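User: I would like to learn how to read side-chain pairings and their surroundings in a model. Please take me through one case.

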Amino acid sequence: MTAFVLLTFAVALILSAAATGLMRRLAPRWGLVDAPDAARKVHTTPTPLGGGAAVWFAVIAPLLSGVAVAAAVRQGWLPESIVPTALRPHLAGTEAKLATLLAVLGAGSVLTAVGLWDDRRGLPWGWRLLVQFACAGIVVAAGVRFSLFLPGLSGRIAATTLTVLWLVVLTNAFNFLDNMNGLCSGTAAIAAAVLATIMLASLPRPHWFVGAMALTLCGALIGFLIHNWGGRIFLGDAGSTFVGFMLAACCALGTFYEAPVQGEGAGIHGFGNHVIFAPLCVLAVPLYDFATVLTIRLRDGASPFRPDRNHFSHRLTDRGLSKRGAVKTVWLCTLVTGLAGLLLYRVDGWVGASLCVAVVAGVLGIVAVLEFSTRRGGAAMPGLVPRPPGDGAAE
């Protein structure tokens, strides 16, 4: 397994680092440049977009190459010895997963193309949302869906509806999160690493297919982060929507949607049904940012998709953190909530699961108290609930 993890991660990282370096030179020629905007953006110089195309390539190329190699080995065109021993029993399963993989990668590619168009020309949010729902519908039609452990037609309808909403919400949540160097890519890389750990090391048998997708995405994001951390290139809408969609799909493709095994109290592979909360824990921070930003915008009578500076990271910098300090704070919160999701696979029953969820709620609660408080001196900052004049000014 170690060789598989290192190889999958390293290939994606190298491809992404090289492709991002190339996009830094090509993006300005293609008009993919993000100009500063004092009203809502934190960078001060025109910066190339198009990093998302590099991440897309670094994810697509290894996954399709792996499928092609597996097919060649199955046909006898390549020797089986080139495949790691642990993976050889799963070669036949690669063909069974091909249609699902193509549906996910195809839908992700459409979102990347639409994002590039939006980065270059601009596109109304209504059209973007329509494409996102269409892509989510295609993936769900290919068989990707959560299990709510509900029987019959009503259960399938509920699972289908939830999965479509999950895909669209996470796609937009990571698009919202892409507002500082390293924020979206680093947060997504941590979430992908946690998901890969769940798939490969937390189950009775490794789930190589989803594990490979998560590892590839993690490597591609780290390769991009090498360039992005210094602000030399941005993901753009093409990258942030692709990353969010892929992470959401990985959650639904994992153990979270498989049918429970038979037996009293048994859920996924012998785990209790409480593991369905794992995706919410792993991706709690992007969902928190998405929910709070929407709440603030709707409270202020603004469009839910109007860009502004009311994001999690902006609220932290308003409290005095540096930009990098705010990003690292979001990373740390993501790691803690992700570990809580990982812990769900180590506890029995709903009591232990409730404690894991309580840890996540506690982390987000601490963050909310800190960022929605009033700055010393009485200067109220943007928050969910307006503070009365003078409240806390004397502290």
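Analyst: Start with accessibility. The model is predicted, and in it R306 counts as partly exposed, at 39% relative accessibility.

User: Which residue does R306 form a salt bridge with?

Analyst: The general idea comes first. Side chains of opposite charge can pair when their charged atoms come close. Here the partner of R306 is D308, and the closest N and O atoms are 3.7 Å apart. That falls inside the cut-off of 4 Å.

User: Is D308 buried or exposed?

Analyst: D308 is buried, as its relative accessible area is 9%. Salt bridges with shared partners bring R297, R306 and D308 together in one network.

User: What ring does the charged end of R297 sit over?

Analyst: A charged group may also be read against an aromatic ring. The charged end of R297 sits over the ring of F176, 4.8 Å from the ring centre. Another case is R121, whose charged end sits over the ring of W117 at 6.0 Å from its centre.

User: How many salt bridges does a search of the whole structure find?

Analyst: The search finds four. One of them joins R128 and D118, with 3.6 Å between the closest N and O atoms.

User: Now the aromatic rings. How many aromatic pairs are there?

Analyst: The count comes to six aromatic pairs. To read one, take the centre-to-centre distance and the angle between the planes. F277 and W350 are 5.8 Å apart, centre to centre, with 80° between the planes, and the pair is edge-to-face. An angle over 60 degrees is what places a pair in that class.

User: Where in the chain do F277 and W350 lie?

Analyst: This pair links distant parts of the chain, 73 residues apart: F277 is in the loop between α8 (236-253) and α9 (278-282), and W350 is in helix α13 (residues 349-371). F277 is partly exposed at 29% relative accessibility, and W350 is partly exposed at 48%.

Analyst: Y288 and F312 form an edge-to-face pair as well, with 5.5 Å between centres and 80° between planes. Y288 lies in helix α10 and F312 in helix α11, so their pairing ties together parts 24 residues apart in sequence. Y288 and F312 are both buried.

User: Which residues do ring pairs link into a cluster?

Analyst: The cluster is made of W125, F176, F290 and F305. F176 is also the residue whose ring has the charged end of R297 over it.

User: Next, record annotations. Where does UniProt place the feature "binding site"?

Analyst: An annotation is read by placing its positions on the model. The UniProt entry, which is unreviewed, puts "binding site" at N175 and D237. These positions are spread over 63 residues of sequence but cluster in space, the largest C-alpha distance being 6.3 Å. The lining of the largest cavity includes both N175 and D237.

User: What do N175 and D237 touch?

Analyst: Neighbours up to four places away in sequence are set aside. N175, in helix α5 (residues 152-177), touches D237, S240 and T241. D237, in helix α8, touches G115, D118, D119 and N175. D118 is the salt-bridge partner of R128. N175 is buried, with a relative accessible area of 16%.

User: One last residue. Is V327 buried or exposed?

Analyst: V327 is buried, its relative accessible area being 1%. The residue is in helix α12 (residues 323-343). Apart from neighbours within four places in sequence, V327 is in contact with M180, N181, G182, L183 and W229. For sequence against space, compare V327 with T187: the two are 140 residues apart in sequence, yet 8.7 Å apart in space, C-alpha to C-alpha.

Technical notes
Residues numbered from 1 in each chain as written. Predicted model: local features only at pLDDT ≥ 70, side-chain atom pairs only at ≥ 80, totals over all residues. Heavy atoms only, no water. Salt bridge = Lys/Arg side-chain N within 4 Å of Asp/Glu carboxyl O. Buried < 20%, exposed > 50% of the residue type's maximum accessible area, 1.4 Å probe, protein only. Phe/Tyr/Trp six-rings, centres within 6.5 Å; stacked < 30°, edge-to-face > 60°. Helix = DSSP H or I, 4+ residues; strand = E, 2+ residues; numbered from the N terminus. Lys NZ or Arg CZ within 6 Å of the ring centre and 35° of its normal. UniProt positions renumbered as here; feature names shortened; annotations may be inferred. 1 Å grid on protein atoms, 1.4 Å probe; cavity = no way out; pocket = protein on both sides within 12 Å on 5 of 7 lines; lining within 4 Å. Contact = heavy atoms within 4.5 Å.
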